[in-house]
Amino acid sequence: MLVGVDWGGTKIEAMAIGDDGQTTTRLREMTPRSDYEGCLATIASLVSRVEDEAGASGTVGVGIPGSVDPRTGIAKGASSTWLNGKPVAEDLRRTLKREVRIANDADCFAVSEAVDGAGAGHHVVFAVILGSGAGAGIAVAGKAHHGPNNGAGEWGHNPLPKPDVTEIPGPACYCGRYGCLERWISGWSFARDYHTHASIDLGPSQPLAPAEIIERMRQGDRLAKLVWSRYVDRVARGLSLVVNILDPDILVFGGGMANVAELYDDLPGKLAEQTFSPCFYTPLTPALHGDSSGVRGAAWLWKE
Ligand SMILES: [Zn+2]
């Protein structure tokens, strides 16, 4: 049996997948934010409960919102910045009393979609998350590609390519850099762009959600259309580097912005304009497993 844990900034979820590939149990708890020991205890409790319900013990894979140093097992690059510097690999091994495989949550997403999701049958899957943050994971032949620094897929912390004068230096990122892609193409960044230019005061306590701005765009709101066009252009610029270097067999999209149907109409043309190759045949598709991909992919980390 495979047990997956998605250690997210908002919730921690555990899932058991039986030998037949079917989900047996799935449980979730709110993340005790900024409470590292509390998170470890929550993970231990969730794993124990899914194993009790399944009546078996399993291997455990954990997806985290960052990665671990492959030599020391210490967390790095996590958007939940309080996780950085913690000996996550050692602590999870001790807490769960077994070897634990750990991967970036976007890598888990990529694996889940590559194994039996939207990317099934494709050799190199580049999975893009356009949600509250923005990032990516790479799966090759159904396995996460990590690299010697566990840094593969850290697409969101590259600078926005071909910035115009208004895009320099760009907004500050939690990683300490400026103008990271994540700060331009997350759903939050899309909403921020709209609010920055909206003439009405929307108030800090009730900002419009990205989905509401998309609805305004569909109703003909000119600013929403402009902001959407600029958003798609930025996503295209960001992905053009990926296509130029890796030329993945498919691009799979997850996160809230991946639910916007217009993305699949508007992005391919803009991306084709940005890539070096004059031909562009890469399929772009929404993820199949949605919110479940993180926890499913964590479980698949032990699939041999
Ligand atoms: Zn950054």
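**Helix packing, cores and backbone features of the predicted model**

The buried residues of helix H9 pack against strand E1 (2–7), strand E2 (11–17), strand E4 (59–64) and helix H3 (105–116). Contact here means heavy atoms within 4.5 Å, and buried means under 20% relative accessible area, with exposed over 50% and partly exposed in between (1.4 Å probe, protein chains only). Helices (H or I, at least four residues) and strands (E, at least two) are DSSP runs numbered from the N terminus. H9 spans residues 293–300 and is mostly covered, 8 of its 8 residues being buried. These are Ser293, Gly294, Val295, Arg296, Gly297, Ala298, Ala299 and Trp300.

The model is predicted, and local features need pLDDT of at least 70, side-chain atom pairs count only at pLDDT 80 or more, and totals for chains, interfaces and linings use all residues. Residues are numbered from 1 along each chain as its sequence is written, and side-chain values use heavy atoms, with hydrogens and water left out.

The largest nonpolar core has 41 residues. A nonpolar core is a set of buried Ala, Val, Leu, Ile, Met, Phe, Trp, Tyr and Cys residues joined through side-chain atoms within 4.5 Å. Leu130, Trp228, Leu239 and Phe253 have the most contacts inside the largest core. Two or more residues of this core come from each of strand E8 (124–130), strand E9 (134–140), helix H4 (182–185), helix H5 (187–197), H6, H7, strand E11 (250–254) and helix H8 (262–274). H7 gives the largest share, 10 residues. With neighbours within four places in sequence left aside, Leu239 is in contact with Phe126, Val128, Trp155, Leu251, Phe253, Leu267 and Leu271. Another core, of 28 residues, lies apart from the largest one, and Leu27, Cys39, Leu40 and Val47 are among its members.

Helix H6 (residues 210–218) and helix H7 (residues 222–245) pack at an angle of about 115°, and their axes are 7 Å apart. Axes are lines fitted to C-alpha atoms, for helices over the stretch in contact, and angles run from 0 to 180 degrees between N-to-C directions. H6 and H7 are therefore roughly perpendicular to each other. In this scheme, angles under 35 degrees count as roughly parallel, over 145 as roughly antiparallel, 65 to 115 as roughly perpendicular and the rest as oblique. The crossing of H6 past H7 is left-handed, a term used if the near helix is turned anticlockwise from the far one by less than a right angle, with clockwise giving right-handed. On the H6 side the contact is made by Ile213, Ile214, Arg216 and Met217, and on the H7 side by Ala224, Lys225 and Trp228. By class, this contact has 5 nonpolar, no polar and 2 charged residues. For these classes, Ala, Val, Leu, Ile, Met, Phe, Trp, Tyr, Cys and Pro count as nonpolar, Asp, Glu, Lys and Arg as charged, and the others, Gly among them, as polar.

H5 and H6 pack at an angle of about 55°, with 9 Å between their axes, and are therefore oblique to each other. H5 also passes H6 in a left-handed crossing. Gly187, Phe190, Ala191, Tyr194 and His195 of H5 meet Pro210, Ile213, Ile214 and Arg216 of H6. The contact of H5 with H6 comprises 6 nonpolar, 2 polar and 1 charged residues. Within H5, the residues Gly187, Ser189, Phe190, Ala191, Asp193 and Tyr194 are buried. The buried residues of H5 pack against H4, H6 and H7.

Several loop positions were also examined. Gly73 lies in the loop between strand E5 (67–68) and strand E6 (75–76) and is buried, with a relative accessible area of 9%. Its contacts, leaving aside neighbours within four places in sequence, are Val68, Lys86, Pro87, Val88 and Ala89. The C-alpha atoms of Gly73 and Arg234 are separated by 34 Å, the two residues being 161 residues apart along the chain.

Most residues other than glycine have a negative phi, and most peptide bonds are trans. Ile168 and Pro169 are joined by a cis peptide bond with omega of about 0°, and Pro169 is placed in the loop between strand E10 (143–144) and H4. Lys97, which is not a glycine, has a positive phi of about 55°. Lys97 is located in the loop between helix H2 (88–96) and strand E7 (100–104) and is exposed, with a relative accessible area of 73%. Ala141, also not a glycine, has a positive phi of about 50°. The loop between E9 and E10 holds Ala141, which is exposed at a relative accessible area of 53%.
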